[in-house]
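Here is a short briefing on one protein chain.

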Amino acid sequence: MTYSDPDFSLVLSGDWVQVRLLFAEHVVFRSEALGLHVKIMGITQPVRPERTRLVATKLLEESIRREHAAAKAGVTVTITKQEIYALSDGTAGTYRGFDSSGRSFVTVEHTRPIRSVLMFFEAPTSNAANLDQAVEAIVQGLSQ
């Protein structure tokens, strides 16, 4: 499957299908075989190359804040790993975690001088092992 928009393109193999959403600023793909879905959003914004690390850090912090804010009453969110690292032409950030409702998740964002791409992977904790496989497949198939 191939998906393309002004912010990124993506090539996926396997049973990934696009979930059609009306009026959404993001695109969602689902894999029944892996038992998970990914939401991808492109943000076109000029960022000076020397500031991609700062922008990546801020985007990651905001995503983590949203994870906690979106949690339903009584649901505890745990972030297990947070990392910022250099790309050849920008900066990437990632975190992973789980919550007490049985959800596991991984967020990966790439910040480059012209645009950022945010990817939110989610699966029931029982399928958490598939998250790494999905993250690798989607990041390898992503072009900006």
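Contact here means heavy atoms within 4.5 Å. The model is predicted. By that cut-off, Phe29 touches Met1, Tyr3, Leu10, Leu12, Trp16, Val17, Gln18, Leu36, His37, Val38 and Ile40, leaving aside residues up to four places away in sequence.

**Fold**
- The protein chain holds 10 strands and 2 helices.
- Starting at the N terminus, the order is β-β-β-β-β-α-β-β-β-β-α-β.
- Among contacts with a separation of 6 or more, 48% join residues 24 or more positions apart.

**Dimensions**
- The C-alpha trace spans about 40 × 35 × 30 Å along its principal axes.
- The radius of gyration is 15 Å, which agrees with the value near 15 Å for a compact globule of 144 residues.

**Core**
- Of the 144 residues, 40% are buried.
- The largest nonpolar core has 22 residues. Trp16, Phe29, Ile40, Met119, Phe121 and Ile138 have the most contacts inside it.
- At least two residues of this core come from each of strand 4 (27-31), strand 5 (36-44), strand 8 (103-111), strand 9 (115-124) and helix 2 (129-141).
- A second, separate core has 5 residues, including Leu60, Ile64, Val77 and Tyr95.
- In soluble globular proteins, nonpolar side chains tend to be buried together.

Technical notes. Residues are numbered from 1 along each chain as its sequence is written. This is a predicted model: local features need pLDDT of at least 70, side-chain atom pairs count only at pLDDT 80 or more; totals for chains, interfaces and linings use all residues. Side-chain values use heavy atoms; hydrogens and water are left out. Helices (H or I, at least four residues) and strands (E, at least two) are DSSP runs, numbered from the N terminus. The radius of gyration is taken over C-alpha atoms; the globule rule is 2.2 Å times the number of residues to the power 0.38. Buried means under 20% relative accessible area, exposed over 50%, partly exposed in between (1.4 Å probe, protein chains only). A nonpolar core is a set of buried Ala, Val, Leu, Ile, Met, Phe, Trp, Tyr and Cys residues joined through side-chain atoms within 4.5 Å.
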